[in-house]
Structure formats: C-alpha cells, structure tokens
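Dear colleague,

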Amino acid sequence: MFDSLTSRFGATFSSLRSRGKISHSDLDASCSQIRQALLESDVALEVVESFVAEIAQKSMSALATIQSGTNQANAIFEIVNSSLIEILGGSARRVRFAKNPPTVIMLAGLQGAGKTTLAGKLAKFYADQGNTPLLVACDLQRPNAVTQLQLLGASINVPVFCPEAGDGVGDPVKVAQEGITFAKAKQYNMVIVDTAGRLGVDSELMSQACEIRDALQPDEILFVVDSMIGQDAVRTSQAFLDGVGFDGVVLTKLDGDARGGAALSIATLTKRPIMFASTGEKLSDFDIFYPDRMASRILGMGDVATLAEQAKAAFDGDTSKKLEAKFASGEDFTLGDFLDQLSAMSKMGSMSKLLGMLPGNAAMKKQIENFDDGEIVRTKAIVESMTPHERADPKVLNGSRRSRIALGSGRKVSEVNTLVDRFSAAQKMMRQVRSGGMPAGMGAMAMPAMAPIRPQSAPKKKSKSGNPAKRAIEESQ
Amino acid sequence: MALFSKLIAKIKGENSFAPTDWAELEIELLASDLGPTLTRDLLEAARRVKSENAQEALAQALTSHLTQKSRLPIINQGGLSVVLVVGVNGTGKTTSVAKLAEHIKASGASVVVAAGDTFRAAAVEQLQTWGTRIGVEVISGKVNADPAAVAFDAAQRASAMNVDYLLIDTAGRLHNKRDLMNELEKVKRVVEKITPICEVLLTIDATTGQNGMAQAKIFSASVDVTGIILTKSDGSAKGGIALAIESELDIPIKWIGTGESTADFESFAPESYIRGLLT
C-alpha cells in the first residue's frame, strides 16, 4: 500500500535534491505535487490542505537558516517525515490495561470492516503475551457471525462467550453485561467484544452501540476501518466519534494496495491514534501500528524494523540453532540447509510483501511488484530433486546429474546451473565471513538463500551491495 | 445527497463563477469518490453549461459517461445460468448472493447457490442460514476444501437438478494477491468445463475510495467481470467510485444493495440514481 504516494514523494525529493539551492518556487511546486499525491490517495481535502500548509510553512523557515541545496532538501524531507509521523499518531500507543482486570476492549465499525476477524487477531495477540482473553459475541445481526467467532476462538484456544446464537435473535446489550460478569467470575484478565457492523447514519443502531458501551464500561473502544475506504472516511469516523466514541483506530486489509489516505484523514480529523494494523488473512497477520515505520514506508525509506521482526519469528528456534551450531563448528552450509531456509522464508509470507518493506526508490519498488513468488517454489523444486548426497556436496553435480535434476524439477538445465553457481558463491562467502569472525547469530540471518531468488532481470552475481535484502539486514543488525 | 444542488443554484443565479466556487464544486465532486479523472471531465462539462437547462445538461454529461451495455442479467435461455460473485473481503458477496437468489426466486425461476467461500470461518454456515431463510438450497463442500472443486460439484449438481440459476459465492480476496486471483481463475475454468458462466458480478462497497478502480481492473482482467453490484449504498457514502469504474472500464452497474434485509436489493437504475445526485 501507499506505493503511489511513495513514488510521488520519491520523485518530489529527488528533484529537490538536484537543486543547488531551493527557491520558494521550487518549494511551491513540491508542495503542489504532494497535494496532488495525497488527493489521489483518498486523503480528505481539508486534511491535505492543512498538511501541505504546515509543511510549506515549516520548510520556509528551514530554508532561511540552511544554505546548501542538498541539506535544504534533507531538511524538508525531515519535516515531511516528522509531520507524517505526527499525523499518524506520534509514538505508538499501547492498549491501556485496567487497574482492576478485566481490561475491556470493544470493537465498532461499518459492516465488512473486519471486526470479527480482528477480534480473533487481538485475542491471539494478547494470549500470546500471556494474557487470558475472553471473546464476547455481541454481533447478533449478521448470519453466523457468532459461529465465525466461535471457530476463530477454537482455533487459538480462546474461550468465546456466546449465550445467543445470533442471526437476528437476542439482545447484544444483555450479552455484553453477562459477558463482563462471566469474565469477572472466571477471572479472565481481558475481554474483547465483537459487535455488529453499523452505518454511521443509522441512529438506531448507533444508540444500541452506546447501550453496549454503557453496559461494558470499556477501557478501550477501537474503531475498525477498512484501509480501502474513500472520502466517506471523514463522515463515518466523525459519526462514530460523535455516536459511540472511540479511543483508537485499527486499520484492516493493509495488505491490499490501497494507498491508505484514510489513515491520514481519520487520524487528523478525530485526533485518535491508529493503534493496530491488520495485514492478512491469517490470525497472525496483525501488529501494533507504528507511525514512524509507516511514515518511512510512505517516504520510501522502507520498513526494516518490521522485516527483521518477521524474520526472527519465521526462522524458528530449531532451524536457527542448528545453523548456528553448524556455522560455529566450521561445517559447510549445504543445499539441505538452504532448503530449510527457503521453507522458513515461505513461512514469512509473500516475498514481494517482504521486499516491499525494504528501503529503495520507486524504480526498485516497481521491480518488487513484479517479483515472482513462484521463484521460491521453483528453486525449492530444483533442490528437492537432488539426492541428499548431492545436497551435501554439490561438487558431485556433473552433467548427467544436472540434466536428471532439471527433468525431475521441470526446470531447464541452465536454471539448475545458475542455482548451483550462485549457491557455491554464497557458500564461499559464508566461509570468508566466518574467517572474518562475524557473530554467530548471523548464521540464520545472512541468508545466502536470497541470492538465487533475486529477480531474473537483476544483473548477475556481483558484490554484496547488489543484494538489497541482505544489505538491509546487515545494516539493521 | 444533493451533490450538484449548489452548482445548479449558482448556475441559475448568475452566469459567471468565481474561482472559489469552482474549487468548492471540485471538493464536492471529489468527496463523492468520483475520482480525479471523472471530476475533471464533469467540471469541464459544467463550465460549458448555459443557465436554464443546467440540471438537464449535467445529467446528460454524467449519463454520457455511462456504459452503452445492457444492465439486464445475462442468461442462458432455456438452460442453466451460472453467476459467479467475486470481490474483496467484506464487500458483501455472501449477502448479495442471498439477495440475488431471493430476487430470482421471487421472479418465479428456480435457483440454487454454491458456498464457494471455504476459507473464512463460518462463511458456509452464513450462506446456509440465508438459504434456510429464503428457502433456497445451498450446495457446500467441506471447510478448507478446494473452492474450485466445490464449484465444479455444484455446477454438476445444478445441471442434473434442471434449475434455472446457479449462484456461486466465493471467498473474499484482495486483488493484489496473485495466488488468490489464480485460485479464482481456476474456479471459473473448472465450472466452464461443465457449463458456461453467464455472468461474473463484482461487489463494490460504496464506501470504497479510489482503490475500487484497481479492484475492478484486476478482477476484470482475471475473470472478465460482466457487472457490478454496488453494496452498502444506504450509508453516507454514495459510491461515486462505481460510476467512475463504469465510465472508465465500461462495466455496467447491475444491482444495488441498500440495506441488511434481502428485500433491500434492486436493479440499478442510472436515471433515478443520477437524478438523486442532481437534486
């Protein structure tokens, strides 16, 4: 997401940097480019105007004190960055835990925003941190919303309080009350309440939401909003703020390609922080919303922090330890280990999603969009078509073995050759790194695995700087 | 929403528009999610309008952007008509399938629906509940079954049952997920081994912004969308993006969902919709 915004900002700043000295007219031109980019991204007009005015004003005073053009461009970049962070909610805010448990979180939003799925994600997120959440099914409107929540709860071993079957039957206010009583009696330390989707203009349902709120006395009301929402974000978020009120915002479906202008609009207009971001269909595709990381992403600076965290989570303890031990004992990294890494990488999710988090200019982003995730599958197929002996010692791969592997994996012999060549190069590099005394923890992270799955159009193998993924990880260490 | 009322009043009142008035009009057009391109075109048309028949002229300008294609359902006369309903998560596919099924049933034709959303928890049950409510048979497979297999079985059974319509619900998917789009293409491909698919309907949530265009483009390229269902248009958003999609991609808006009950569903009538915008 935000890709178009990113490329716009990229173009704007590279044109600014090319100036010897930035004039007021250069600044005006940049501001109008930024304005256009934000408008095309569904940011509400009033938000755009105030954002651009703020940037123009701050930049103007910065220009007066800094002389060289490059430094001026960097200063403006910094101003835009910090303004974005500020709008997106400053430093990430966490859920306020109640002094006397349970901490009660109520979800509210339009139909189809993703409340029920989010309830499951929140429950998993907090259960994983050692809390004991209880899900309460107050969406008695949508057919089988209750069943959906029960299934989600069962899949993550979180109990679901659902005295009513739903489907239009039952009183959500009563369920809310009973849910709290139940949670207190059973000593759950957290209650997450799913509610029915409702429109901002539906005053009847909005007052029902207020009754649920009054019954729950929630510590946090989270407004769940689809990141693809358009200009209506303004009216709807205002209607929810005036209607039931909310303390924080959750952006869902952020794994889509929506430019996410809604995030800026809602945060600015409601003065409520965006607290969580939901980024996929699995219950684990969920994280705290980091305004600084999001601003970096918008500005094309990448999101290395998230990438590093995901890598750490995906390369599970066993694989990493095995590799580290291998590395320390001086054993060679084999194609078998490579296969383990490839599997771990597929666990991390789509490669294009991962690469999208890396810093880089718009041109590279474009290439990433075209990245073929099938490459991992094909590479795995090639390695899996090798015998264990061949995986351990690729040197035995003669012509006939290679053509057998090509046949077995359904790839061309030339592709097998490329893989083996790149692997040998990576293996050699690993040996050098080891003799250079790099920390052992790098074992799993050095990822020679990245080399063979570089986009085909990239220039053939070269120095480490040609591998942005690896470079970024090295830099982030 | 009286989108153009201000403009009409202004045009009727005076001949010249101050630049600030144009700016205000632009804001109103943008605020309805019509998007920058359509907004610019309409502004140009508005600039050419002479006073008296301003409303008429604007209605015409907007109408001229609409498709020439028929908004009638495409059917397989005398045989089984298969309708595939696709769209992004949470845009209202399952509800629309139920509404459409009831609509067809009310017209006297026979219909069965297939629960092709085997991914989301309780999606099959959601459709089954609807099926019970409206008295329509729901064909379903196992949870996490291959949706193409479910659709294939449904097509076979519907053919054998001699019904007039088969509506296939599918799992919500973001259009930028290539593997999920491939899965959808497979659903269409295997169903067409049994019987041609007459219609592929894309659900567009009225609250969606400019991303709706990307959704329509990619779904269309994948499974050749033949019509749009504009959902949730009973809220404060009026779904200008659907008009923008129709204008740019020549895909007719066929149905419009206006509430939570199955009766809140009607054929899209562009004249009254535009009249609604212009008054």
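B:Glu183 is partly exposed, with a relative accessible area of 27%; here buried means under 20% relative accessible area, exposed over 50%, and partly exposed in between (1.4 Å probe, protein chains only). This is a predicted model, in which local features need pLDDT of at least 70 and side-chain atom pairs count only at pLDDT 80 or more, while totals for chains, interfaces and linings use all residues. Residues are numbered from 1 along each chain as its sequence is written, chains are lettered from A and ligands numbered from 1 in the order in which they are written, and side-chain values use heavy atoms, leaving out hydrogens and water.

B:Glu183 forms a salt bridge with B:Arg173, with 2.9 Å between the closest N and O atoms; the term denotes a side-chain nitrogen of Lys or Arg within 4 Å of a carboxyl oxygen of Asp or Glu. B:Arg173 is buried, at a relative accessible area of 1%.

In chain B, the side chains of B:Lys69 and B:Asp250 also meet in a salt bridge (3.9 Å, N to O). Both partners lie in loops, so the pair ties together parts that are 181 residues apart in sequence. B:Lys69 is partly exposed at 47% relative accessible area, and B:Asp250 is partly exposed at 33%.

In chain A, the side chains of A:Lys253 and A:Asp226 form a salt bridge (2.9 Å, N to O). Both A:Lys253 and A:Asp226 are buried. A network of salt bridges links A:Arg96, A:Glu220 and A:Asp247.

Over all chains, the structure holds 23 salt bridges.

With kind regards

Notes:
Helices (H or I, at least four residues) and strands (E, at least two) are DSSP runs, numbered from the N terminus.
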